[in-house]
Amino acid sequence: MVVVSFFKKCFNKIVNFIFPAQCVICRTFIENNDGICYECLNKIDFITDPKCAYCGYPFEIKFSNKNNLYVCPRCLKLKPKFDKCVSSVRYNDASKKIILPFKHADKTNYAKIMGRMMASTVSPFIEKVDFIVPVPIHLKRMLKRKYNQSALLVGVISSITGKPALYNTLVRRHFKESQGHLSVKDRKLNVSGAFAIKNPFKIKGKNILIVDDVFTTGATINECAKVLKSAGARRIFVATFARVVK
């Protein structure tokens, strides 16, 4: 094993010398193997406290709160179906240079970069999670895109945290149009009834972590959470790589 490890390290050094790593955002050569140079990393806006206890919406300023529980106006008005959502970064000019190629340009290797950040974000509550599930896409979209970006992220997070993944329990039963151009109201209508559960006995009484790439309005993950809870899931956590903040 020592010999194999030695040759593996030598091989990796040779490969890195011939094909040096590049930052996925600015394409400059980098010495580290994290995929992002330090300059671009500083442009990524990581989400920190204070933030909404339910949907994870970041607040600009910290205000006095005896219970240290911050809730955004939207969640005060209508509490979401999920119990807690966290996002690693804000959706901005820097982060979208990772997200868009990953989602639409076959840059599936970006999943490792994003998944590592997300695994760190969920670390405060990951021990409470029994299974990790991706937001599913319909077969028609899968045939066109050839992969489900959320499932790739689940694979990385599962590998890092040791929590098992369920890929075929939450399924998309209706093919709906892309939500990119839809309003908040139309997004809710677009995903209504779009999801179903296979083998509900697997999730009954379990705590589930739903994973997606971007939280825009929360319509999709809220519908997923509703379906999972209706099938018997106990608590629903959500993790996305990015969060749209307006």
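Trainee: Which residues of α5 are called buried?
Mentor: Y110, A111, I113, M114, G115, M117, M118, A119 and V122 are the buried residues of α5. Buried means under 20% relative accessible area, exposed means over 50%, and partly exposed lies in between, with a 1.4 Å probe and protein chains only. The model is predicted: local features need pLDDT of at least 70, side-chain atom pairs count only at pLDDT 80 or more, and totals for chains, interfaces and linings use all residues. Residues are numbered from 1 along each chain as its sequence is written, and side-chain values use heavy atoms, with hydrogens and water left out.

Trainee: What covers the buried residues of α5?
Mentor: The cover includes α2, α4 and α7 (149–161), together with the strands β1 (84–90), β5 and β6 (235–243). Helices here are DSSP runs of H or I with at least four residues, strands are runs of E with at least two, and both are numbered from the N terminus. By that count the chain has nine helices and six strands.

Trainee: Why are α5 and α7 called oblique to each other?
Mentor: Their axes are 8 Å apart and pack at an angle of about 50 degrees. Axes are lines fitted to C-alpha atoms, for helices over the stretch in contact, and angles run from 0 to 180 degrees between N-to-C directions. Under 35 degrees counts as roughly parallel, over 145 as roughly antiparallel, 65 to 115 as roughly perpendicular, and the rest as oblique. The pair α5 and α7 is therefore oblique.

Trainee: Is the crossing of α5 and α7 left-handed or right-handed?
Mentor: The crossing is right-handed. A crossing is right-handed if the near helix is turned clockwise from the far one by less than a right angle, and left-handed if anticlockwise.

Trainee: Which residues of α5 and α7 meet?
Mentor: From α5 they are A111, K112, M114, G115, R116, M118 and A119, and from α7 they are L152, L153, V156, I157, I160 and T161. Contact means heavy atoms within 4.5 Å. Sorted by type, the residues of this contact are nine nonpolar, two polar and two charged. Ala, Val, Leu, Ile, Met, Phe, Trp, Tyr, Cys and Pro count as nonpolar, Asp, Glu, Lys and Arg as charged, and the others, Gly among them, as polar.

Trainee: What makes α4 oblique to α5?
Mentor: The axes of α4 (residues 96–104) and α5 (residues 110–122) come within 10 Å and cross at roughly 130 degrees. That angle makes α4 oblique to α5. The crossing of α4 and α5 is left-handed. K97, I98, I99, P101 and F102 of α4 make the contact with Y110, A111 and M114 of α5. Seven of these residues are nonpolar, none is polar and one is charged.

Trainee: Why does D34 count as partly exposed?
Mentor: D34 has 45% relative accessibility, so D34 counts as partly exposed. D34 is in the loop between α1 and α2. Leaving aside neighbours within four places in sequence, D34 contacts I113 and R116. D34 and R116 are 82 residues apart along the chain, and their C-alpha atoms are separated by 9.5 Å.

Trainee: What makes the phi of R27 worth noting?
Mentor: R27 has a positive phi of about 70 degrees although R27 is not a glycine. Most residues other than glycine have a negative phi, and most peptide bonds are trans. R27 is in the loop between α1 (2–18) and α2, and at 41% relative accessibility R27 counts as partly exposed. N199 also has a positive phi, near 55 degrees, and is not a glycine. N199 is in the loop between β4 (195–197) and β5 (207–215).

Trainee: Which residues does a cis peptide bond join?
Mentor: The cis bond joins D49 and P50, with omega about 0 degrees. P50 lies in the loop between α2 (38–43) and α3 (73–77).
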